[in-house]
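Open the model in your viewer and keep the selection tool at hand. The tour goes from the whole chain to single residues, one stop at a time.

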Amino acid sequence: MITITAISILCAVLTLPAFLYVLRYNLHMFQLNGYKNGEHTHWLKKNVSRQYLLILIGISGILSMCLPGIVTLLLQTAAVLICMKYYLYLKKTNTKKKLVYTARVKRLILTDSILVILLLVLTGVFLGVSRIAGTFAVLTTLQIIALVIVNWINRPVEGMINQHYINDAKKKLRSVPDLTVIGVTGSYGKTSVKYYLDTLLKEHFEVLITPESYNTPMGVVKTIRSSLKPSHQIFICEMGARHVGDIKEICDIVHPEHGIITSVGPQHLETFFNMDNIVNTKFELADALPEVGLLFLNGDNEYIRNHSGKYKNKIFYTTGEWAKARELESQIEEGEVSQYYQTGDVKLSRTGTEFTVTAPDGEKETFQMRLLGEHNVINVAGAVAVANTLGIPLKQLKVPVRRIQPVAHRMQLLERGNFTIIDDAFNSNPVGSRAAVETLKQFEGVRILITPGMVELGEKEEEYNYKFGTYAADCCDYILLVGEKHTAPIHKGVLESGFSQERCRVFEKLEDALSFAYSIKAEGHKFILLENDLPDNY
């Protein structure tokens, strides 16, 4: 009996590293899923095959609990070592966005550890020390769902902590009474517009922006608490959403005076479920504006045009023809204040884009920027519209527009000798992906697309990826797909559009696709478009 007990303790010690690796991986995925129980549970259902090896530990653990002995404990040890090696591999390969050990993550780990230790102690007291190893193995397997339970347990504490931070942020906002808050939201383009607007305004105002992709309530709160100063005059607040009510939650904290809706489209359909929810959520920003607040709207977006009727003080910006601008005017109800900014004469080159902007008062200027594509023209036009409305003449915006830097991984140009990389790897969507390949089509040379496809599009994911394949077939000379599973609809759309099968290849890794692209012998300068980069949880 002493021998079995000693082996059981040793086996439990060997199980500890496996437990920690399993916990770390699931914590990482839970963080990427926004600490949302529903979203994480949905992800688990779709990706349960990634963790099938946990069944080995679970079965061996049950055997060790029921029949503690040398054979069962050795089987458990073998299962533990196999799983530990697998999760160590996952740790090395999941490196795009690393697990951040925030205070919330540490609280999750603490609560999880307390529960595990408590259950192990109870096992030793009531079932005997020889069964602790088996219990530990079963608890290791259950880590796949444990964090959902632990997050539910921690919810009251998290709520109180978050409310404390929110109240502190509101207090700090009140301490700067002359601060103008501009909210920026949209299905795509909001981060870019935020940075562009910052570049245009900061020569005339003291500007604070939410950094990087900080666009959640707590991300906004963190920005305010750590960075807002009494000297700031404008706060450009990016507002992201994955669920109905997310934009309203941020607006209730910052109380925006003006708002920009950059786009509305099919993104995060897995959590929004339908387009009506997406449209209504984006317009939560418009609903939050005061009566004198200005609402800047992308007039090229059909969802925005169709939903904007009831709002006053609208300012549209559009890349369409003057007829489209007049169409916008026809949608304006009598007595409303509404204007529009019109762009035109778009010219694309390897060094950037040239275009004109005509203001509501007829003032017209030609702008040059380092950014590529008409979808960037509309985003810059939105920033120009806001800056001009706040009192900066178009002529004074010409130099700041030239200074606009490409946002990392959003149609970013990278020269590599005989190759030009067009890095558009950040969170692709149906509209942006089509715009990206249509921009690629305008270059003269060998046009190469590398993509793993799009995700988070719910039931329409296959349909949108198939359509993307048909667009790509018309714009590219080579199409290199990364990952057979997600790109199957793209591959089908490409081939059914009559594209050469020899020029459409599927690779398992991005590195392999890039190596093939570099090896292409076709004459001429090569343009490689990197469209989307799936996060670690996909």
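**The whole chain**

Of the 538 residues of the protein, 53% count as buried, where buried means under 20% relative accessible area, exposed means over 50%, and partly exposed lies in between (1.4 Å probe, protein chains only). This is a predicted model, in which local features need pLDDT of at least 70 and side-chain atom pairs count only at pLDDT 80 or more, while totals for chains, interfaces and linings use all residues. Residues are numbered from 1 along each chain as its sequence is written, and side-chain values use heavy atoms, with hydrogens and water left out.

Show the cartoon view. The protein has 21 helices and 15 strands; these are DSSP runs numbered from the N terminus, helices being H or I with at least four residues and strands E with at least two. Along the principal axes, the C-alpha atoms fill a box of roughly 95 × 65 × 35 Å.

The accessible surface comes to about 24700 Å², and 57% of it belongs to carbon and sulfur atoms. Such areas come from the Shrake-Rupley method with a 1.4 Å probe; for residues, only the protein chains shown count as cover.

**The nonpolar cores**

Hide the surface and select F235, V254 and I479. In the largest nonpolar core, which has 61 residues, these three touch the most other members. A nonpolar core is a set of buried Ala, Val, Leu, Ile, Met, Phe, Trp, Tyr and Cys residues joined through side-chain atoms within 4.5 Å. Which residues is V254 in contact with, leaving aside its neighbours within four places in sequence? They are L173, V181, V220, I224, F235, C237 and M239, contact meaning heavy atoms within 4.5 Å. A second, separate core has 38 residues, including V184, L200, V207 and I209. In soluble globular proteins, nonpolar side chains tend to be buried together.

L119 is partly exposed, at 40% relative accessible area. L119 also belongs to a nonpolar surface patch of about 790 Å², made with I117, L118, V121, L122, V125, F126 and L127. Patches are made of residues with over 30% relative accessible area and no salt bridge; like charges are joined within 9 Å, and nonpolar side chains (Val, Leu, Ile, Met, Phe, Trp, Tyr) within 5 Å.

Move on to helix 6, residues 132–141. Nine of its ten residues are buried, among them F136, V138 and L139.

Next, select N154 in helix 7 (residues 143–174). N154 is buried, with a relative accessible area of 7%. Not counting residues up to four places away in sequence, N154 touches R107, L108 and T111.

**Salt bridges**

The whole structure has twelve salt bridges, each a side-chain nitrogen of Lys or Arg within 4 Å of a carboxyl oxygen of Asp or Glu. Stay where you are and select E158 and R107: they form one of these, with the closest N and O atoms 2.8 Å apart. The pair links helix 7, which holds E158, to helix 5, which holds R107, across 51 residues. E158 is buried at 5% relative accessible area, whereas R107 is partly exposed at 24%.

Now select R242 and E39, whose closest N and O atoms are 2.3 Å apart in a salt bridge. R242 is in the loop between strand 3 (234–238) and helix 10 (246–254), and E39 is in helix 2 (residues 37–47), 203 residues apart. Is E39 buried or exposed? E39 counts as buried, at 9% relative accessibility.

**Cysteines**

The structure holds zero disulfides, a disulfide being a pair of cysteine sulfur atoms within 2.5 Å. Select C83: the nearest cysteine sulfur, in C11, is 12 Å away. Then select C476, whose closest cysteine sulfur, in C475, is 5.9 Å away and therefore too far for a bond. C83 is buried at 1% relative accessible area, and C476 is buried at 7%.

**Last stop: E508**

Select E508, in the loop between strand 14 (504–507) and helix 21 (510–519). E508 is exposed, with a relative accessible area of 56%. Apart from neighbours within four places in sequence, E508 is in contact with V482, G483 and E484. To finish, draw a C-alpha to C-alpha distance from E508 to N37: they are 30 Å apart in space and 471 residues apart in sequence.
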